[in-house]
Amino acid sequence: MSEVVIPADAVVPVVASGRQKLYRRVLKNPMAVVSLVILALVVLSAVFAGQITGWDPGRADLNDALAPPFGEHLLGADASGRDVLARLFFGARVSLIGALIALATALAIGIPTGLIAGYFQGWFDSLSSWFASLLMAMPGLIVVLALISVIGPGMVGVMVTFGALLSPGVFRLTRSGVVSVRRELYIDAAKVSGLSDYRIISRHVLGVIRAPLVIQASMIAGIAIVLQAGLEFLGVGDSSTASWGQMLSEAFSNIYVAPTMILWPGLIIGLTVGSLAIFGAALRDTVQGAEPARKTRRRKPTNEEETSTRRLDLSTAATAAVISPRDGGQEDIEPSDALLVVRDLQVGYPQPDGSTTIVVDGVSLHVDRGEVLGLVGESGSGKSQTAFSILGLLPDTGAILGGTISFAARTIASADGAAHGAAALRGRQFGYIPQEPMSNLDPSFTLGFQLVEPMRHILGLSRPAAKTKALELLDRVGIADPRRTFDAYPHEVSGGMAQRVLIAGAVACDPELLIADEPTTALDVTVQAEVLDLLRGLQRERSMGMIMVTHNFGVVADICDRVAVMQAGRLVEQADALELFDDPHNPYTRMLLSSTLEDTEPRAARSTRPVSSRGTAR
Ligand SMILES: Nc1ncnc2c1ncn2[C@@H]1O[C@H](COP(=O)(O)OP(=O)(O)OP(=O)(O)O)[C@@H](O)[C@H]1O
């Protein structure tokens, strides 16, 4: 069976305003317009075949046998005296319905299996990929001929079989499209906002493969028409109904007597299949031409970060073995009413050789209500892995190997895998602010849609109520023109605005715990301070607990009440922020402090902070 190949770079989302105006751009392409007109004429002639020709396609009159064109019969009559034009138009019905059946079957099998395999992967992916390869290796025509000998020449059975044999192409296209986006940060962001897998797949993933699927569908329809005509030509179709393949076969038998007879079915098959292919190509060109480059998942470190990391790397070896008196960050004063408690957390990645890479080891910390905990350390020290463990968003290859995580006195994660509470808390009690605002927004949807959707799903708000709340939130996070931003697509706003939108989204469902993963790193320095002010303001007015993941002690000085310092997956020191700045015990902490603060002063004076309920300065 011939495979329909869509180039990998066609697997791109139809985005932004491009999506709205796609049909307009397609209509500006002359090839697309011509092919659409031809396809429309074929469809109309099939639908109104009886009215247009006035002839019964099965009515034979030997007096008219092989009558020439432009007489009583516009395109002449065949060897049995049947009207060629009527048979062409009625034959179009057979071809179009056959193509639709094959197409529907291919899409019905290929799309769901491709979505599930690409999104969830695992055993289903392996099994379905193996099965798709098996189907593609089958000689399609022979399978269909064998089937016809068993079930007879009925069109439905034959075209369903064609569709099933063409479905691996759809499966592969869908799967590769899903795989290319499933690791995108905006998919993680959608998970964090509490959306179910079904909603993420239907809204964020399916949108990416919509355009390439349309292209693939046009090609499958063309192939189905050709294959069906080929079968009819070989005489294995239903001879009682007029069809293009049957007309070709009859014309071929009389080619020396009436050579023009072969022209009409050949022409209409060629025009229809060619138009489908040209329309698919025009659509692909339009989509690709309009596509802005998709942001990559991983951000390139800034020069400042690179320098900082290099500085840290030089001194890490010297400090690695030293643990301070406030060592290991082990919690000896964990309050009984703490909002979040992490005890002896160990996270690891099993390796193919049977060993396990431990990336977080024995981390214990807590966050009180209304408290900001800074989680600090150099790149690779395990900050994000700790945060993702709390959010229940570790990659499939990673696992919690030891310890527990409790939220509001309920265990939500443990090494035995018995507790999986984080998924239910995401978007509700847990809010998350990511590092790279742009990558965490789906380019296919407006910012407003991305704010409203979780609110409708999680808070059960109506669309107008969710929109009103979204506009209020946009106003609260300092967006100058909330309505315009609400209707904008991610590429139409600046990084700072995008981060404000994500902050609005993170607090939209009134979370109790906000986890901010280096929320200012990707922003311009002038915007960083404003975003920190905003976060601090929101955190205070809502009394949220907050974990601020950062490598920057300037940020800690600005916003954190307590600090936990991580090095190589372990906590090396944990203390009140004031104490830590005044008297860092651990050499690694001292080295971090000196490397971060050597060029800059903390922006806010710490003495201006209020005193928390636990008596720690903020
Ligand atoms: N999917 C993964 N598979 C294996 N190891 C991983 C994976 N993700 C992260 N790690 C490892 O876990 C360790 C901790 O990574 P983590 O992302 O938590 O660091 P980080 O302190 O947040 O750094 P950064 O500030 O650069 O984000 C690193 O050594 C990293 O290589």
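Me: How confident is the predictor in the chain?
Reply: pLDDT is the predictor's confidence in each residue, from 0 to 100. The chain averages 78, and 83% of the residues score at least 70. Residues 1-18 have a pLDDT below 50, though this stretch has 52 contacts in the model beyond near neighbours in sequence. Residues 291-325 are also below 50, with 36 such contacts. Where pLDDT is low, the predicted coordinates should not be read in detail. For the complex, the predictor gives an ipTM of 0.95 and a pTM of 0.58.

Me: What makes something a helix or a strand here, and how many does the chain have?
Reply: Both are DSSP runs, numbered from the N terminus: helices are H or I with at least four residues, strands are E with at least two. The chain has 23 helices and ten strands.

Me: Why is Asn 586 called buried?
Reply: A residue is buried if 20 or more other C-beta atoms (placed from the backbone) lie within 10 Å of its own, exposed if 12 or fewer, and partly exposed in between. Asn 586 has 26 other C-beta atoms within 10 Å, so it's buried. You'll find Asn 586 in the loop between helix H22 (577-582) and helix H23 (587-597). Its C-alpha atom is separated by 6.5 Å from that of Glu 573, 13 residues apart along the chain.

Me: Why does Val 143 count as partly exposed?
Reply: Val 143 has 16 C-beta neighbours inside 10 Å, so it counts as partly exposed. Val 143 is found in helix H7 (residues 140-151). Two residues are in contact if their C-beta atoms, placed from the backbone, lie within 7 Å. Not counting residues up to four places away in sequence, Val 143 touches Met 138, Thr 161 and Leu 165.

Me: What is noted about phi in Gln 121 and Ala 568?
Reply: Most residues other than glycine have a negative phi. Gln 121 has a positive phi near 55 degrees, and Ala 568 has a positive one near 50 degrees. Gln 121 lies in the loop between helix H5 (84-120) and helix H6 (122-137), while Ala 568 is in the loop between strand S9 (562-567) and strand S10 (570-576). Gln 121 counts as partly exposed because it has 15 C-beta neighbours inside 10 Å, and Ala 568 does because it has 17.

Me: How do you know that strands S1 and S4 pair?
Reply: Two strands pair if DSSP finds at least two bridges between them. Seven bridges join strand S1 (residues 340-350) to strand S4 (residues 399-407), so by that definition they pair, and they run antiparallel. Gln 346 stands opposite Gly 402 in S4. Four bridges join S4 to strand S5 (residues 410-414), also antiparallel. There, Ile 405 has Ala 413 in S5 as its bridge partner. The hairpin of S4 and S5 has two residues between the strands, and Ala 408 takes a positive phi near 50 degrees in it.

Me: What makes a set of residues a nonpolar core, and how many residues are in the largest one?
Reply: A nonpolar core is a set of buried Ala, Val, Leu, Ile, Met, Phe, Trp, Tyr and Cys residues joined through C-beta atoms within 7 Å. The largest has 161 residues, and Ala 102, Ala 224 and Met 548 have the most contacts inside it. Helix H10 (residues 197-233) gives this core its largest share, 18 residues. Leaving aside neighbours within four places in sequence, the contacts of Met 548 include Val 372, Leu 375 and Ile 559. Across the chain's 618 residues, 48% count as buried.

Me: Which residues come nearest to the ligand?
Reply: Near means a C-beta atom, placed from the backbone, within 6 Å. Of the 15 residues around the ligand, Val 359, Ser 379, Lys 383, Ser 384 and Gln 385 come nearest. Strand S2 (356-367) and helix H14 (383-391) each give two or more residues to this shell, with H14 giving the largest share, three.

Notes
Residues are numbered from 1 along each chain as its sequence is written. This is a predicted model: local features need pLDDT of at least 70, side-chain atom pairs count only at pLDDT 80 or more; totals for chains, interfaces and linings use all residues.
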